[in-house]
Amino acid sequence: MYDIIIVGAGPAGLTAALYARRANKKVLVLEAKTYGGQIINTPEIENYPGIPKISGYDYATNLYNQALELGAEIKFETVIRVEKDKTVETNKDHYKAKAVILAIGADKRKLNLPKEVDLIGKGVSYCATCDGNFFKNKIVAVNGGGNTALEEAIYLSNIAKKVYLIHRRDTFRGEKKYVDEVLKKENIERIMNSTITKINGEKHLESIEIVNQEGKTNTIEINGLFIAIGQAPKNEIFKNIIELTQDGYIKSEDGVHTNIKGIYVAGDSREKELRQLTTAVSDGAIAATTAIKEMED
Ligand code: NAP
């Protein structure tokens, strides 16, 4: 029996673990993949208060080690089901706690085009820092107009011969600082007002088809396609008991409680305005302290 089971070892979950351990609670963190969540793939974090610059990997590793050193138990198992009585079933075992914090974050959004999934690892990627090195002096495309797409295009421009940056609108959503950097890169070609409609290739990616605002189709031959079109929640596993929004995020009126007593939410998986590292760690701290207060009341 644990005091708190935390589902997800990203910044929100690990911060919750840290706060719960500092309150001397028995804590289990369950993580399906690797610790750190999405931030582990960010090349540089430059907007975390008090830390001018740190790589996502270093940040996530520091946080993971901090939680371990404080005595959090962290198991790499996939959660399959959470019950109202705070039983958590994984692919390996069943665990029970007085409180559960759901902090599984979000996944990379997919274009949902035929061949997209088949060609993952064969030219299609969702992470430039993970796979960029396979494309030395090759031609790649990045799809998206947010900070991730801009950062990935800049990162890849230092590795690949040419980078197409394809965005569906005429302005970028990402910060001016990154847009300015993109504009300075001679090997980044911006293709605006365009949508990818087809991914071609059998054994590996060969080309993509894009359609512009006027409905004109163009085929671009590329070796790599980096899809950076934001995030999508992955809360399906909780929908037996937890109320989700239409978009699939966990409903929470106050940003910490779910519809089930004793089950809390933290981080990108909940409905919220701003999905950032700072708001994720803030959520983790609030979820843990709220859970502790309510189990002791
Ligand atoms: P994002 O800000 O949500 O941007 C997603 C982009 O993909 C948008 O430009 C969007 O177009 C486009 N898009 C969405 N669905 C699409 C579709 N089906 N087809 C084509 N394009 C599509 O996502 P993000 O860039 O991953 O960033 C997520 C959050 O993390 C943001 O808050 C961001 O600021 C933050 N972040 C921060 C840093 C940093 O500070 N260093 C780095 C990375 C991410 P529209 O613009 O037309 O909607």
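The model on screen is a predicted one, and residue numbers count from 1 along the chain as its sequence is written. Asn 235 sits in the loop that runs between β16 (231-233) and β17 (263-265). A polar atom of the Asn 235 side chain lies 2.8 Å from the backbone oxygen of Gly 248.

**The ligand**

Next, select the ligand and the residues around it. Which residues come nearest to the ligand? Out of the 21 residues around it, these are Thr 148, Arg 168, Arg 169, Arg 173 and Tyr 178. Colour the shell by class, and it divides into eight charged, nine polar and four nonpolar residues.

- Asn 47: an N or O atom in its side chain is 3.2 Å from an oxygen atom of the ligand.
- Gly 145: here a polar backbone atom is 3.0 Å from a ligand oxygen atom.
- Gly 146: a backbone N or O atom of this residue is 3.4 Å from an oxygen atom of the ligand.

Switch to a surface view at this point. On its own the ligand has 920 Å² of accessible area, and the protein covers 79% of that.

Then colour by domain and by secondary structure. Domain 1 (2-108 + 231-296) and domain 2 (124-227) each give at least three residues to the shell around the ligand. Helix α4 (residues 147-157) supplies the largest share of that shell, three residues.

**The disulfide**

Select Cys 127 and Cys 130 and show their side chains. How many disulfides does the structure hold? It holds one, formed by Cys 127 and Cys 130, with the sulfur atoms 2.1 Å apart.

Are the two cysteines buried or exposed? Cys 127 has a relative accessibility of 7% and counts as buried, because the cut-off for that class is under 20%. Cys 130, at 40% relative accessibility, counts as partly exposed.

Move on to Lys 136, in the loop between α3 (128-131) and β9 (139-143). Lys 136 is exposed, its relative accessible area being 53%. Lys 136 and Tyr 95 are 46 Å apart in space, C-alpha to C-alpha, and 41 residues apart in sequence.

Thr 195 is the next stop, in strand β12 (residues 194-200). Its relative accessible area is 40%, so Thr 195 is partly exposed.

**Two residues with positive phi**

Lys 86 lies in the loop between β4 (79-82) and β5 (87-90). Its phi is near 70°, a positive value in a residue other than glycine. Is Lys 86 buried or exposed? With a relative accessible area of 15%, Lys 86 is buried.

Asn 112 belongs to the loop between β7 (106-108) and β8 (124-125). Phi of Asn 112 is near 60°, again positive in a residue other than glycine. Is Asn 112 buried or exposed? Asn 112 is exposed, with a relative accessible area of 67%.

Note on methods:
Predicted model: local features only at pLDDT ≥ 70, side-chain atom pairs only at ≥ 80, totals over all residues. Heavy atoms only, no water. Disulfide = S-S within 2.5 Å. Buried < 20%, exposed > 50% of the residue type's maximum accessible area, 1.4 Å probe, protein only. Near = heavy atom within 4 Å. Polar contact = N/O pair within 3.5 Å; in protein donor to acceptor, adjacent residues only side chain to side chain. Areas by Shrake-Rupley, 256 points an atom, 1.4 Å probe, with all protein chains shown as cover. Helix = DSSP H or I, 4+ residues; strand = E, 2+ residues; numbered from the N terminus. Nonpolar A, V, L, I, M, F, W, Y, C, P; charged D, E, K, R; others polar. Domains from an automatic or database assignment.
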